[in-house]
Amino acid sequence: MPSIRRIFMLAGVLVVSLVGCVLFLKGPPKAGAEATGLDATKLQRLDALLQDAVEQRQIAGGVVLLARHDRISHLKAIGWRDLEAQVPMTTDTLFRLASMTKPITSVAVMMLVEEGKLRLDDPVSKFLPEFKAPTVGIPNLFNGNLERKPAYREIIIHDLLNHTSGLTYRYWDIQPWTTLYRKAGVSDGLNHAPGTSRNNVRRLARLPLMFQPGTLWGYGLSDDVLGVVVETVSGQDLETFFRTRIFEPLKMHDTFFYVPPEKQERLAALYMPDRRGRAQRIREELGLVSVGELEFSATYPCEKNGRYFSGGAGLVSTAPDYGRFLQMLLNGGELDGVRLLRAETVKQMTSNQIGYLKTYIPKYGDSYGYGFGVHTLDGASLDVASVGSYSWGGLFQTYFWVDPKKDLLGVLMLQLFILGDHPLRYEFKKRAYECLVS
């Protein structure tokens, strides 16, 4: 016979799941898969994908969300929020978004562009003078030294939005930039970074760029710089801007840089594979975890009085909250009567913004917009999504995509550190499309 404690726990999971549906999108809660053109029977196969992964100990648990026609089609919590403590996963579990923070930062920037407070062709030095007169590092093949040459032009806001700025990430381990970033104390935004993001950006600005602005696509700290630009232009720290201008209007009440103490019990435990590929919990007492040049902390979202707001990697959220943000984009900048952006601005964000350049993360799209990969060629990345779809993911295996042609969005929330993309991301997406019946 199940214990009283377990009965109450399971009852709580059911209540939270129902509340999550009520708070999400327009329309009645759990409108039903068929009402949004999805096959309910095939959705069970999608759930089985995660359930099998839990049973094989590939993951501890996860949350899946599909929405169509402004309504939730499917919202399911599977497995465990904390496997060791036997705390079940719930639909209101908080997940470390990592790079899924970037689209939100891009929206903040474009809001300021619409207000006329900055322009896409503005040099970054207009707001952050330390970026004046940038240099580019040229490796000398004969002596191994790095020669600094003046950049042909300054970095502009457009370069930061589409990652053609010449800034990189330390964890890519591209020498000699990784060593330069490490010696300068530049953080990638996933740990208990000292000071503020402005301090980090100042250290970054002293270093040479990896390539001439606008000439290549290179994934890096561009969004962290954008976050500081938002702070400078708005006169608010990034947390305040996000909360008052994006989260509160969209009713995203569970999205934070630093999780309030009363909600920290809902933060998912963080895992990584052991030698057998089985998910093992990253113990909080370990503090900083280092894998090569990548450094992260399992507890950074719970830091007391934290002031480092990484525009590229710092947010924590739930699947329903992030779904509301994506639905706003899918609706052309509006949700529940609240408009954050004009439809033409969203179209600009979700279009190819790098021209003939290509990304080196093709599974997210053959091109890049402002904050995510974009699919512009049919079958270009062997993806099931329609042309015009956009997607991105985070280091801890969170993932989303939006398909305007199918009026469909999907969110997968896991908390597993691996180097690369977990196959569950793409199998989840594939099975979601197999559920479409209209």
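Student: How much space lies in the largest pocket?
Tutor: Keeping in mind that the model is predicted, the space in the largest pocket comes to about 490 Å³.

Student: And which residues are closest to its centre?
Tutor: The largest pocket is lined by 27 residues, and those closest to its centre are Y171, W172, L395, G420 and D421.

Student: What does that lining look like by class?
Tutor: In the lining of the largest pocket there are 15 nonpolar residues, together with seven polar and five charged ones.

Student: Switching to helices, at what angle do helix 3 and helix 7 cross?
Tutor: Helix 3, residues 102-114, and helix 7, residues 222-234, cross at roughly 35 degrees, with their axes coming within 10 Å, and the crossing is left-handed.

Student: Which residues make the contact?
Tutor: Helix 3 contributes K102, T105, S106, A108, V109 and L112, while helix 7 contributes D223, L226, G227, V230 and V233; by class, the residues of this contact are six nonpolar, three polar and two charged.

Student: New topic, how many aromatic pairs are there?
Tutor: The count comes to 26 aromatic pairs, and one of them is formed by W172 and Y360, an edge-to-face pair with 5.7 Å centre to centre and 85 degrees between the planes.

Student: Where in the chain do W172 and Y360 sit?
Tutor: W172 is in the loop between helix 4 (157-162) and helix 5 (177-184), whereas Y360 is in the loop between helix 10 (343-349) and strand 14 (367-368), so that the pair links distant parts of the chain, 188 residues apart.

Terms used:
Residues are numbered from 1 along each chain as its sequence is written. This is a predicted model: local features need pLDDT of at least 70, side-chain atom pairs count only at pLDDT 80 or more; totals for chains, interfaces and linings use all residues. Side-chain values use heavy atoms; hydrogens and water are left out. On a 1 Å grid over the protein atoms alone, a cavity is a set of points where a 1.4 Å probe fits but cannot get out, and a pocket is an open set with protein on both sides within 12 Å along at least five of seven lines; lining residues have an atom within 4 Å of a point. Grid points are joined across faces, edges and corners, and a volume is the space filled by probe spheres set on the points. Ala, Val, Leu, Ile, Met, Phe, Trp, Tyr, Cys and Pro count as nonpolar, Asp, Glu, Lys and Arg as charged, and the others, Gly among them, as polar. Axes are lines fitted to C-alpha atoms, for helices over the stretch in contact, and angles run from 0 to 180 degrees between N-to-C directions. Helices (H or I, at least four residues) and strands (E, at least two) are DSSP runs, numbered from the N terminus. A crossing is left-handed if the near helix is turned anticlockwise from the far one by less than a right angle, and right-handed if clockwise. Contact means heavy atoms within 4.5 Å. Rings of Phe, Tyr and Trp (its six-membered ring) pair if their centres lie within 6.5 Å; planes under 30 degrees apart count as stacked, over 60 as edge-to-face and the rest as tilted.
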